[in-house]
Amino acid sequence: MINLDERRRPQPPLAGDETATLLGFLDFQRATFDWKCAGLDAAGLGATVGVSSMTLGGMIKHLAFVEDHWCTQWLYGRDMPPPWDTVDWKADPDWDWHSAAQDSPEQLFALWRDAMARSRALVAEALADGGLEQQARRTPPEHWHSEPPTLRWILVHLIEEYARHNGHADLLRESVDGLTGE
């Protein structure tokens, strides 16, 4: 049974094994991000703070990309699904952030939720097939590490990515309607 807090976020297990703990914290960070963005319209998702051009809409699209990048492309070595498969990343390395302004809130949330669903399915498949020690199938570029990351590393990296952006989301959401985090 999953315990939910007052904001309907799943609580990571206090005495789970390594896999349950990693997946529990990743789902908690995902749910925290969802809470920070929930109920906003396009103007709210497009708000910025100070001199930053960062928006919650851009962050939603970026995190959808991150999910697909690490779980589809790295973990399984598969081609990226749409819309990532047609992006000219050399022309705009931050396309995920910039292009979100043209998407409706419904499109952004659907893209992110679909990417999370793919990630969850691929992680479950990898856990059943080789566990946390399983290495990603994508070969790292020469300037990167000498070997592919493990599923453990990918999960920790996803937790870190969400945790970092949840801090950004706190500031952005507060600027929109005053909602503050914990």
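This is a predicted model: local features need pLDDT of at least 70, side-chain atom pairs count only at pLDDT 80 or more; totals for chains, interfaces and linings use all residues.
Colleague: How much space lies in the largest pocket?
Modeller: The lining of this pocket comprises 16 residues, and T55, G58, W97, A100 and A101 are the closest to its centre. The volume of the largest pocket is about 300 Å³.

Colleague: Which helices each supply at least two residues of the lining of the largest pocket?
Modeller: By class, that lining holds seven nonpolar, seven polar and two charged residues. The helices that each contribute at least two of the lining residues are α2 (42–45), α3 (56–76) and α4 (95–99).

Colleague: Is S99 buried or exposed?
Modeller: S99 is found in helix α4. Its relative accessible area is 7%. Buried means under 20%, so at 7% S99 counts as buried.

Colleague: With which side chain does the side chain of S99 make a polar contact?
Modeller: A polar contact requires a pair of N or O atoms within 3.5 Å. For S99 the distance is 2.8 Å, and the partner is the side chain of K61.

Colleague: Which residues lie nearest the centre of the second largest pocket?
Modeller: About 240 Å³ of space lies in this pocket. Its lining has 11 residues. Those nearest the centre of the second largest pocket are I2, P10, Q11, P13 and G24.

Colleague: How many charged residues are in the lining of the second largest pocket?
Modeller: Asp, Glu, Lys and Arg count as charged. The lining of the second largest pocket also has seven nonpolar and three polar residues. The number of charged residues there is one.

Conventions: Residues are numbered from 1 along each chain as its sequence is written. Side-chain values use heavy atoms; hydrogens and water are left out. On a 1 Å grid over the protein atoms alone, a cavity is a set of points where a 1.4 Å probe fits but cannot get out, and a pocket is an open set with protein on both sides within 12 Å along at least five of seven lines; lining residues have an atom within 4 Å of a point. Grid points are joined across faces, edges and corners, and a volume is the space filled by probe spheres set on the points. Helices (H or I, at least four residues) and strands (E, at least two) are DSSP runs, numbered from the N terminus. Buried means under 20% relative accessible area, exposed over 50%, partly exposed in between (1.4 Å probe, protein chains only). A polar contact is a pair of N or O atoms within 3.5 Å; within protein, one must be able to donate a hydrogen and the other to accept it, and residues adjacent in sequence count only if both atoms are side-chain atoms.
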